[in-house]
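Keep the viewer open as you read.

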Amino acid sequence: MSAVRLRAFFIVGAIFLIVALGALARPASVNSLTRRPASASSDSVSAKPDEAKPNVDWQVIKVGLRDYLSADNIAAFYGLRANVDATGKSVLLNNSRNQLQLTSESREAVVNGVRNWLCFPVVAQDGKFLVSRIDLAKTIEPQLRPHMIQNKGKVQTVVLDAGHGGFDKGAGSRDGLEKGYTLDVARRLRPLLQSRGFKVIMTRENDVFLPLELRAHIANQTRDSIFVSIHFNATSNRDARGFEIFSLTPRGAPSTADDALALSFLNMQEGSAVDAQSFELSASVYHSMLGHIPRFDRGIKRARFAVLRKTKIPAILVEGGFLSQTDDSKLVANTAWRGKLAEAIAVGIENYRNATEKKQRPMLVADYHGKDASGITLLNLAQPPARLENPAAPDVAANPGVDPNKEP
Ligand SMILES: [Zn+2]
């Protein structure tokens with residue numbers, strides 16, 4: 001077969017794949033978006049009249065094969081004011097309860113005071129800021145209306161997963177190894193959760209190696225439970241620092257570390273029946289971490305790490321700082337600081353339980369600082385973390401470095 005014909009076959013195949021994946025990625029029909037912008041499934045709860053405007057129609061805009069919604073449309077639905085900044089590149093949507101900051105051509109957004117990574121960049125078109133439907137459904141909606149997340153079970157048990165162990169040392173600094181720090185934080189977290197009425201199961205209690213599949217298997221044996229995996233980061237960029245947190249990438253979307261415009265991301269179809277719950281757990285714990293400990297905000301991210309992919313219960317992976325960076329590694333080596341980190345994670349988990357069982361909105365970083373939503377500090381998105389960290393490494397924020405235990 002000639003190269004030209006081969007290429008034609010490839011192109012036709014690729015187009016077919018794109019169309020198929022586009023259909024998969026659509027979380028709901030256009031009609032159901034009218035009242036329920038974000039529900040991935042057939043939930044039946046309608047919007048609370050004081051919060052959203054269910055009579056606002058969604059105007060779906062096609063860009064290529066993907067569906068987008070305009071920032072104005074989102075503002076109208078959620079009852080937010082929209083203000084474009086002086087550069088014309090960023091728009092802030094807010095009211096007294098919620099804040100959403102979007103920047104054109106960027107995957108970086110700020111939702112209620114913390115950095116979020118969208119699956120696809122915001123598109124600038126005809127003076128509009130366009131957000132992909134999958135980002136609206138999977139990232140924005142669960143944070144603006146957490147009470148709309150369906151099928152939240154009880155949270156009685158927390159499966160605590162201390163990353164690495166045994167011959168798998170994880171990352172390391174001059175002061176210690178990741179496998180030891182993760183176990184120490186898990187051990188500190190256990191009594192803090194027990195005192196809050198949770199049952200705790202540890203995937204490992206000692207310095208032993210445990211395959212990722214076994215960690216997920218332990219989680220999947222539990223009922224009314226959540227899974228919290230604890231890790232510390234490392235990367236060759238010695239300036240990279242701060243917290244980040246991961247939940248499973250939604251079906252049909254690239255992970256944060258993938259190139260959103262390439263179609264080469266792996267396992268794109270993988271998703272989870274509980275991804276909204278996992279995402280809310282991730283946001284709840286992350287706000288508490290930054291609310292208790294002012295470290296650099298690397299953001300709420302998505303990945304298809306094995307422990308997130310293989311667990312069937314709400315699952316998150318916490319990265320508590322960089323062992324490859326001097327300031328972070330000194331903090332992590334400090335026993336009292338690790339106790340503080342454990343406390344922050346415990347409060348975040350408790351907040352998630354309150355959101356799940358009592359429908360209480362999880363505390364935001366501004367709440368921990370005693371401010372209302374109008375007092376949320378705006379991040380300067382013209383200064384992405386990469387530039388703050390190292391001008392020579394523009395991708396560091398999206399590519400947190402290799403952590404061999406996170407992938408099989
Ligand atoms: Zn790790």
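The largest nonpolar core of this predicted model has 96 residues. Ile74, Val131, Val228, Val285, Ile316 and Ile345 have the most contacts inside it. Helix H10 (residues 335-358) gives the largest share of this core, 9 residues. Domain 1 (50-144 + 378-387) and domain 2 (157-370) both contribute residues, so the core lies between them.

**Core**
- Nonpolar side chains tend to be buried together in soluble globular proteins.
- Val285 touches Ile245, Ile316, Val318, Ile345, Gly348 and Ile349, leaving aside residues up to four places away in sequence.
- Among these partners, Ile316 and Ile345 are, like Val285, listed with the most contacts inside the core.

**Helix H3**
- Helix H3 (residues 71-78) is largely enclosed by the rest of the structure, because 6 of its 8 residues are buried.
- The buried residues of H3 are Ala71, Asn73, Ile74, Ala75, Phe77 and Tyr78.
- The cover over them includes strands S2 (66-70), S3 (81-84), S4 (90-94), S5 (99-103) and S9 (128-132).
- Helix H4 (133-144) is also part of that cover.
- Gly79 follows H3 and has a positive phi, near 70°.

**Open sheet**
- Four strands form an open sheet: its 4 strands run in the order S1-S2-S9-S8, with antiparallel pairing.
- Strand S1 (61-63) and strand S8 (123-125) stand at the edges. Each has a single partner strand, so one side of each is left without a neighbour in the sheet.
- The twist averages 45° from one strand to the next.
- S8 and S9 run antiparallel and are joined by 3 bridges.
- Ala124 has Phe129 in S9 as its bridge partner.
- H4 lies across S2 and S9, at about 65° to S9.

- Which backbone angle stands out at Asn112? Its phi is positive, about 50°, although Asn112 is not a glycine.
- Asn112 is found in the loop between strand S6 (108-111) and strand S7 (114-117).
- Is Asn112 buried or exposed? Asn112 is buried, because 22 other C-beta atoms lie within 10 Å and the cut-off is 20 or more.
- His164 is not a glycine either, and has a positive phi near 65°.
- His164 is found in the loop between strand S10 (157-162) and helix H5 (178-194).
- His164 is buried, with 27 other C-beta atoms within 10 Å.

Technical notes. Residues numbered from 1 in each chain as written. Predicted model: local features only at pLDDT ≥ 70, side-chain atom pairs only at ≥ 80, totals over all residues. Core = buried A, V, L, I, M, F, W, Y, C linked by C-beta atoms within 7 Å. Buried ≥ 20, exposed ≤ 12 C-beta atoms within 10 Å, placed from the backbone. Helix = DSSP H or I, 4+ residues; strand = E, 2+ residues; numbered from the N terminus. Domains from an automatic or database assignment. Contact = placed C-beta atoms within 7 Å. Pairing = 2+ DSSP bridges. Axes fitted to C-alpha atoms, helices over the stretch in contact; angles between N-to-C directions.
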